[in-house]
Amino acid sequence: MRNKLTEVVAAKGIKDSKVLAAIKKIPRHLFMDSSFEDHAYQDKAFPIAADQTISQPYTVAFQTELLDVSPGDKILEIGTGSGYQTAVLLEMGAAVYSIERQKELFKKTNIFLPKLGYRPKRLIFGDGYKGLPNEAPFDGIIVTAGAPFVPKPLLAQLKVGGKLVIPVGQNEQVMTLFTRTSEKEFEKKELGQFRFVPLLGDKN
Ligand code: SAM
């Protein structure tokens, strides 16, 4: 079933062999509530705890491909959720820092990932809008919830040459890739429409 899912994701245009190998290897059914387990290898998002979702595998693959991860890269993820995206990044050899704002999910995933042998550098319970200044700069930052605007701290925490992959918008989001080309300059590319749960702010 994992082979089939990998083929579906590849057929939709994902070419990075390391991303595809990660999808082939990771037991997605273990990241989901048992009531949805039978559907784990469909290319669909599903509900997880705290009214959140595990993203569609194609979306995970698309964002990860844009990040262009090399082994040893220092990556910050905003929105740990089920930990599936974290696992994809770890399979690719990244050093992963991940922030989750829902305590229930943070606690669950913090226990669950090491049980499967996945060891992020740090999982943090906190607000992803602020990034992680103490650990910056990062080779890449990936935001896995829909951001109403681009948080300035995330751009500031990129290395020169680093990439921020962020879905931006209210109801629908435009997948946006920022590459830091110098201390003061960023190149911006827009790469199609997606639909995410919202990146939660102070008031929600
Ligand atoms: N990467 C996740 C996965 O693979 O399961 C996707 C999870 S879901 C699409 C987005 C996650 O972002 C949710 O778990 C949500 O609680 C989290 N989130 C929302 N607002 C946040 C914020 N301000 N800071 C950190 N995490 C946030």
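Asp68 is placed in the loop between α3 and β3, where helices (H or I, at least four residues) and strands (E, at least two) are DSSP runs numbered from the N terminus. The structure is a predicted model, in which local features need pLDDT of at least 70 and side-chain atom pairs count only at pLDDT 80 or more, while totals for chains, interfaces and linings use all residues. Residues are numbered from 1 along each chain as its sequence is written, and side-chain values use heavy atoms, with hydrogens and water left out. The phi angle of Asp68 is near 60°, a positive value in a residue other than glycine, and this residue comes just after α3. With a relative accessible area of 46%, Asp68 is partly exposed; buried denotes under 20% relative accessible area, exposed over 50%, and partly exposed the range in between (1.4 Å probe, protein chains only).

Among the buried residues of α3 are Pro57, Tyr58, Phe62 and Leu67. The classes used here are nonpolar (Ala, Val, Leu, Ile, Met, Phe, Trp, Tyr, Cys and Pro), charged (Asp, Glu, Lys and Arg) and polar (the others, Gly among them).

The C-alpha atoms of Ser34 and Ile48 are separated by 10.0 Å, and the two residues stand 14 residues apart along the chain. In the loop between β5 (122-125) and β6 (138-143) lies Pro137. The peptide bond that leads from Ala136 to Pro137 is cis, with omega near 5°.

Thr6 is part of helix α1 (residues 2-11) and is buried, with a relative accessible area of 7%. A polar atom of the Thr6 side chain lies 2.6 Å from the backbone oxygen of Arg2. The side chain of Thr6 also reaches the backbone nitrogen of Lys24, at 3.5 Å. Such polar contacts are pairs of N or O atoms within 3.5 Å; within protein, one atom must be able to donate a hydrogen and the other to accept it, and residues adjacent in sequence count only if both atoms are side-chain atoms.

Ser98 lies in strand β4 and is buried, with a relative accessible area of 0%. Ser98 and Leu76 are 22 residues apart in sequence, yet their C-alpha atoms are 5.6 Å apart in space. Met175, in strand β8 (residues 173-180), likewise counts as buried at 0% relative accessibility. Between Met175 and Ile78 the separation is 97 residues in sequence and 15 Å in space, C-alpha to C-alpha.

The ligand is surrounded by 27 residues, of which Gly79, Ser82, Glu100, Gly128 and Leu200 are the closest; a residue is near a molecule if one of its heavy atoms lies within 4 Å of it. By class, the shell divides into 11 nonpolar, 12 polar and 4 charged residues. The space taken by the ligand is the largest pocket. On a 1 Å grid over the protein atoms alone, a pocket is an open set of points where a 1.4 Å probe fits, with protein on both sides within 12 Å along at least five of seven lines. A molecule sits in a pocket if more than half of its atoms lie within 2 Å of its grid points. The elements that give two or more residues to the shell are β2 (53-54), β3 (74-78), α4 (84-91) and β4 (95-100).

Definitions and conventions: 1 Å grid on protein atoms, 1.4 Å probe; cavity = no way out; pocket = protein on both sides within 12 Å on 5 of 7 lines; lining within 4 Å.
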